[in-house]
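Thanks for asking me to look this over.

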Amino acid sequence: MPTYEYRCRSCAALSVRVCKVADKPKTVRCERCGRRAVAIISGGAVRLSNASKVARLDPKYDKMVDAAMKSTQHAEPDRLLKKMKPFSSDK
Ligand SMILES: [Zn+2]
């Protein structure tokens, strides 16, 4: 169901109604002062896929993650290699 927003003409408070298109009220009463609120045009709700959410991320985000990962010891690529010892040293 679409969301409709109404702005109070007196106190400018915003009221939100969620209803069917056919049931959309032309005017509603302000929830704050009870005066007349008129419908305003608002941005529609858009559901994004995960791919478009990632695409919308700040391009600096990758660099921030890389910089943060560099400072952790888990990011060191040779970390596990250093723990290993050759079979020849076992007895
Ligand atoms: Zn009001």
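1. Let me begin with a term: two residues are in contact if their C-beta atoms, placed from the backbone, lie within 7 Å. Among contacts in the protein chain between residues at least 6 apart in sequence, 34% join residues at least 24 apart.

2. A word on the source. This is a predicted model, in which local features need pLDDT of at least 70 and side-chain atom pairs count only at pLDDT 80 or more, while totals for chains, interfaces and linings use all residues. Residues are numbered from 1 along each chain as its sequence is written.

3. The protein chain has three helices and four strands, taken as DSSP runs numbered from the N terminus (helices: H or I, at least four residues; strands: E, at least two). From the N terminus on, their order is β-β-β-β-α-α-α. The radius of gyration of the protein chain is 28 Å, well over the 12 Å that the globule rule gives for 91 residues, so the chain is more spread out than a compact globule. That radius is taken over C-alpha atoms, and the rule is 2.2 Å times the number of residues to the power 0.38. Along the principal axes, the C-alpha atoms fill a box of roughly 85 × 30 × 25 Å.

4. Now the sheet. The four strands form an open sheet in the order S2-S1-S4-S3, with antiparallel pairing; two strands pair if DSSP finds at least two bridges between them. S2 and strand S3 (27-29) stand at the edges with a single partner strand each, so one side of each is left without a neighbour in the sheet.

5. What joins S1 to its partners? Five bridges link S1 (residues 3-8) to the antiparallel S2 (residues 14-18), and Thr3 has Val18 as its bridge partner in S2. Four bridges join S1 to strand S4 (residues 36-40), also antiparallel, and here Tyr6 has Ala39 as its bridge partner in S4.

6. Please look at the hairpin of S1 and S2 too: five residues lie between the strands, and Ala12 takes a positive phi near 65°.

7. The scale is buried at 20 or more other C-beta atoms within 10 Å of a residue's own, exposed at 12 or fewer, and partly exposed in between, with C-beta atoms placed from the backbone. Gly34 and Ser10 are 24 residues apart in sequence and 9.5 Å apart in space, C-alpha to C-alpha. Of the 91 residues of the protein chain, 4% count as buried.
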